[in-house]
Amino acid sequence: MALSGFEGFEKRLELHFFTTTTTFHYLGLRTLDFDQCINQTLQAVQCTVVSAVGNSFFDAYVLSESSLFVYPTKIIIKTCGTTQLLKSIQPLIFYADTQLGFTLRSCRYTRGSFIFPSSQPFPHTSFKDEVSYLEDTLPPTLHNRKASIMPSKSSSHAWHVFTATYYQQPHKPYTLEICMTDLDPNSARKFFRPSNDGKTGDSAGREMTEFTGIDQINQEALICDFAFDPCGYSMNAMHGEWYSTIHVTPEDGYSYASFECVGSTNNGMEIDVAHVFRKVIQIFRPGTMSVSITSAGGDLRRRVVSAVEAMGFKRRSCATDEFPEAGSVVFQTFTAIRRKKKEVN
């Protein structure tokens, strides 16, 4: 393990808003001015937009450090590196209120265990500091709160969850988050760009998407991708009102990749778990994997275990908890079963 490097593990923030006015524009948060509101918020986080795409349901931005998704009443920001994600909360609450008359209804913050925790700036210096910052920053109306660290058998893998809500949403889509480390070197090498390739990040990203088979995970999705120089990759995929996103830090010694998607059992957008895990594992071939499932029943958890074990992994731990805003959260860790080469006599 390198002593210092780029932090792949993302921080994830999800904010839901509501309004009592009957005159608001149906696009809601999507009408916030980009330069005045979105860009100013990202400056506080210390990241920028490198590519973007939208459809009739939401806007998706590839960031210099991960992704941003803006729906009419919901914003999801996911950032890696040494970004200060929680500093986006105050400006987003302010712009939603002053520009649209929106009020914050719920907040969910999650992350894994940092590879380089000592490199993180405040308020991400520890989960205790993050929780204190959230407690001080969120309005008192979000009174139903809970913070918890969901453990595994490995001290280097845990799932950190903070939720706060004003009232419970009756139905929520479920979120599936896969965090992978110790990527196969041959797989990781595909996310390095040749020196002086003369390509834009968008065109190089498109080549990586096709060359690695990422475009085969969901062939119906609209993909917005970007390849960083000299290495690294991000993509957002849109399929109706649902998104999926991938981020890759391929450097040897601290290689990392993540895949996240959302689905629902109510409207035909159920995730084909076996297909997703087969493709994701074939693309990255990680040595260690953690899987977090939020707001889903036990059947999905069982299907995840079956799909991952079918790809040559062994489940090492499973933790479950209930949260006011998120509902059920299941955190599982897996390691690849390494087969020793047969000795030649």
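The legends below walk through several close-up views of this predicted model.

**View 1**
Let us begin with helix α2, which covers residues 89-100.

**View 1. An open sheet of 8 strands.**
Here you can trace the strands in the order β10-β11-β12-β13-β9-β14-β16-β15, with antiparallel pairing. Which strands form the edges of this sheet? They are β10 (222-227) and β15 (313-323), each of which pairs on one side only. On average, neighbouring strands in the sheet are turned by 10 degrees against each other, with direction ignored.

**View 2. Strands β9 and β13 side by side.**
Moving into the sheet, we meet β9 (residues 174-183) and β13 (residues 256-263), an antiparallel pair joined by 8 bridges. To find your place, look for Cys 179, which stands opposite Ser 258 in β13.

**View 3. A helix across two strands.**
Helix α5 is made of residues 201-212 and lies across β10 and β11 (233-239). Relative to β10, this helix runs at about 115 degrees.

**View 4. A stacked pair of rings, Phe 69 and Tyr 243.**
The structure holds 13 aromatic pairs. In one of them, the ring centres of Phe 69 and Tyr 243 are 4.0 Å apart and the planes meet at 20 degrees; planes under 30 degrees apart count as stacked, so this pair is stacked. Phe 69 belongs to strand β4 (residues 66-70) and Tyr 243 to strand β12 (residues 242-249), so the pair ties together parts that are 174 residues apart in sequence. Are these two residues buried or exposed? Phe 69 counts as buried because its relative accessibility is 1%, and Tyr 243 counts as buried at 2%. Ring pairs also link Phe 58, Phe 69, Tyr 71 and Tyr 243 into a cluster.

**View 5. An edge-to-face pair, Phe 116 and Tyr 254.**
The rings of Phe 116 and Tyr 254 have centres 5.5 Å apart, and their planes are at 75 degrees, so this pair is edge-to-face. Phe 116 sits in the loop between β6 (103-111) and α3, while Tyr 254 sits in the loop between β12 and β13, so the pair ties together parts 138 residues apart in sequence. Phe 116 is buried, with a relative accessible area of 5%, and Tyr 254 is buried too, with 14%.

**View 6. Two lysines over rings.**
The charged end of Lys 74 sits over the ring of Tyr 71, at 4.3 Å from its centre. In another place, Lys 190 lies over the face of Phe 211, 5.6 Å from the ring centre.

**View 7. The surroundings of Ser 295.**
Our last stop is Ser 295, in the loop between β14 (286-294) and α7 (298-309). Its relative accessibility is 17%, and so Ser 295 counts as buried. Leaving aside residues up to four places away in sequence, Ser 295 touches Lys 172, Pro 173, Tyr 174, Ala 326, Gly 327 and Ser 328.

Technical notes. Residues numbered from 1 in each chain as written. Predicted model: local features only at pLDDT ≥ 70, side-chain atom pairs only at ≥ 80, totals over all residues. Heavy atoms only, no water. Helix = DSSP H or I, 4+ residues; strand = E, 2+ residues; numbered from the N terminus. Expected span 1.5 Å × (residues − 1). Pairing = 2+ DSSP bridges. Axes fitted to C-alpha atoms, helices over the stretch in contact; angles between N-to-C directions. Contact = heavy atoms within 4.5 Å. Phe/Tyr/Trp six-rings, centres within 6.5 Å; stacked < 30°, edge-to-face > 60°. Buried < 20%, exposed > 50% of the residue type's maximum accessible area, 1.4 Å probe, protein only. Lys NZ or Arg CZ within 6 Å of the ring centre and 35° of its normal.
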